[in-house]
Amino acid sequence: MATLQDYAVDVRPTWCSGCGNHSTWNALKRAFVQLGYEPRDLFMVTGVGCCSKMNDYMRINGIHTLHGRSLAVAAGVRLASGKKVITVHGDGDGYGEGGNHFMHAARRNLGFVDIVENNQVYALTRGQVSPTSRLGFRSSTSPGGSLERPVNPLALALSQGATFVARGATHDMMQLVELIVAAMQHRGYALIDVMQVCVTYNRAMPYDYYRERAYKVEEVEGYDATDWNAAMAFALEYPATERIPTGILYRREDLPAYEEGVSALKAGPLVEQPLRTRPLADIDLLLREHM
Ligand code: SF4
C-alpha cells in the first residue's frame, strides 16, 4: 500500500510561498494514497501554467505537453495505456488555448480527471489577463481593466454533456481531497475547476476572498448532484455574482466512458496487446508498404 512518502521526490517546488498550488499538490498525493494507488498506476499530463510543474514535484508517470494540448495528449495516454490519467493545467491552457479540446473531452466522456488550476490570470508568463479573469481585472495586458466577460467553465462543461462537474478551492485542501477521490472513481470525464490563489499576480483574490464567498453545494437544502438544472443554476452563480458554489455540482454514472466503446480496446489497453494482434497496427506490413 503506497504512502505519501512513495510520491515524494527530492525536488522542492519553485512556486511562490503561499501559492495555492501547494494545496492542490498535497491534496493530489493524499487522494492517491487514500484510493490505494501506487505511483505506477497513474499518469499525469500537464500543460502550461505554474501548476503544470506538478508532475515534476511528485513521483509519478508524466508528460509536460504543449500549451493547450493537455487534453488531447491525455486522451491518447488513456486509450493506449489504460492507466488512471490526471491532467493538471492552468485556466489559460484549459479554457483558452485548449478550449476546443475541453469542449470535446466533455462531450466524448473520455475517462480521465481534468484539474484546472483557475487563478484567473496568466501567472507563469507574469500576469496577463486570462479567459477567466473578472471584468475590470487590471493586468499588464489590461492596465485599464479587462473589457472581456469571463468564460464560465462549469456552465460550458455542463452544456457540452460533461458527466462530472466540480469546483474546489485552494483554501480548503480537505475538500479538494474529497473531490479528487470522487473524480478518480468516476467512469468518464471529470472536471475539477480549482479556484487557485495566486499571491503574486492576482492579489485582489487572496485566501480570505474565497473563504468569505465560497459555500458547499451539498449543504444546500434539496441538493441533488444528478439534477442538471440545479447544477447549471449553481454554475451560473459565479462569476455573475459574488457567491462561489463548491463541491460536486453534477454527477451521473449511467453513461459509459468513451473508451468502453472502442472495439480495439476490448482485448485490453493497447500497450498490453501483442503487436501483431493489434487491429490497427501491423508495423511490418506498414513498413513493407512504404519501402
Ligand atoms: Fe503560484 Fe502565482 Fe507564484 Fe505562479 S506566480 S507560483 S500561480 S503564486
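A155 lies in helix α5, residues 153-159; helices here are DSSP runs of H or I with at least four residues, and strands are runs of E with at least two, numbered from the N terminus. The model is predicted, so local features need pLDDT of at least 70 and side-chain atom pairs count only at pLDDT 80 or more, while totals for chains, interfaces and linings use all residues. Residues are numbered from 1 along each chain as its sequence is written, and side-chain values use heavy atoms, without hydrogens and water.

A155 is buried, at a relative accessible area of 11%, where buried means under 20% with a 1.4 Å probe and protein chains only. Beyond its neighbours within four places in sequence, A155 is in contact (heavy atoms within 4.5 Å) with M232, A235 and L236. Its C-alpha atom is separated by 37 Å from that of D6, 149 residues apart along the chain.

Helix α1 covers residues 21-34. Because 10 of its 14 residues are buried, α1 is largely enclosed by the rest of the structure. Among these buried residues are W25, L28 and F32. The buried residues of α1 pack against strands β1 (42-46), β3 (84-90), β4 (113-118) and β6 (190-195), and against helix α6 (173-185). After α1 comes G36, with a positive phi near 80 degrees.

N21, one of the buried residues of α1, also belongs to the residues around the ligand, a set defined by a heavy atom within 4 Å of the molecule. Others in this shell include W15, C50, N119 and Y201.

Note on methods: Expected span 1.5 Å × (residues − 1). Buried < 20%, exposed > 50% of the residue type's maximum accessible area, 1.4 Å probe, protein only.
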